[in-house]
Amino acid sequence: MSTRATPTHATPTRSGPVCSASVRPGRRPQFGAVALEMAPAFLLFFAIFYAIVSYSMAMVMKQALTQAAAEGARAAVKVDPLNYTSALSYETATRAVARARATESLNWLPADALATVLSGVAVSLTASGAVQVTITYNGYNVAPPLPILDLPIIGKVPDLPDKLVGQAVAQPG
């Protein structure tokens with residue numbers, strides 16, 4: 001009698017089918033069905049994510065405009081009126097200082113956006129000596145930092161405001 005060695009380990013078997021469609025007899029596997037079902041969900045999630053990022057950029061821009069206006073107002077309050085012979089020359093110098101400081105604060109913007117923003121800087125002085133600086137970014141939705149997407153069913157993402165405004169008031173004292 002010949003003795004044959006029997007294997008001491010069992011042959012590996014699959015624990016389950018690769019997909020449920022491959023088990024059914026007479027049917028072809030539907031591996032692409034999941035991708036087709038995921039497409040609308042991906043579109044919705046991508047639109048939400050893109051809107052969050054785009055609106056965040058708009059909020060960061062608005063905060064930057066407000067910060068620049070505050071820095072311009074603080075710099076304008078430091079101008080000493082005793083150094084000027086007339087109220088008109090004092091107001092002109094105050095406006096120039098506020099505009100220069102706001103410009104310096106926004107130098108990180110691209111050149112075309114900076115030109116648009118600087119055309120919207122307004123400085124006003126009150127009788128009490130307070131300085132109000134308002135910086136307006138007109139046409140923000142025309143050329144935002146991230147492009148506006150026109151997605152099927154959802155529409156334009158994001159729907160941005162036409163203008164962003166940053167404003168600050170500083171009182172000497």
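These legends walk through a few close-up views of a predicted model. Local features need pLDDT of at least 70, side-chain atom pairs count only at pLDDT 80 or more, and totals for chains, interfaces and linings use all residues. Residues are numbered from 1 along each chain as its sequence is written, and side-chain values use heavy atoms, leaving out hydrogens and water.

View 1. Helices (H or I, at least four residues) and strands (E, at least two) are DSSP runs, numbered from the N terminus. Along the sequence they go α-α-α-α-β-β-β-β-β. Of the 173 residues, 29% are buried, meaning under 20% relative accessible area with a 1.4 Å probe, protein chains only.

**View 2. Here's the largest nonpolar core, with 27 residues.** A nonpolar core is a set of buried Ala, Val, Leu, Ile, Met, Phe, Trp, Tyr and Cys residues joined through side-chain atoms within 4.5 Å. Leu65, Leu106, Val117, Val133, Ile135, Tyr137 and Tyr140 touch the most other members. Helix α2 (33-77) is one of the elements that each supply at least two residues, and α2 gives the most, with 9.

**View 3. Zooming in on Val117 shows its contacts.** Contact means heavy atoms within 4.5 Å. Skip neighbours within four places in sequence, and Val117 is in contact with Leu65, Leu106, Leu109, Ile135, Thr136 and Tyr137.

**View 4. Ile153 sits in the loop between β3 (149-151) and β4 (155-157).** Ile153 is exposed, with a relative accessible area of 90%; the cut-off for exposed is over 50%.
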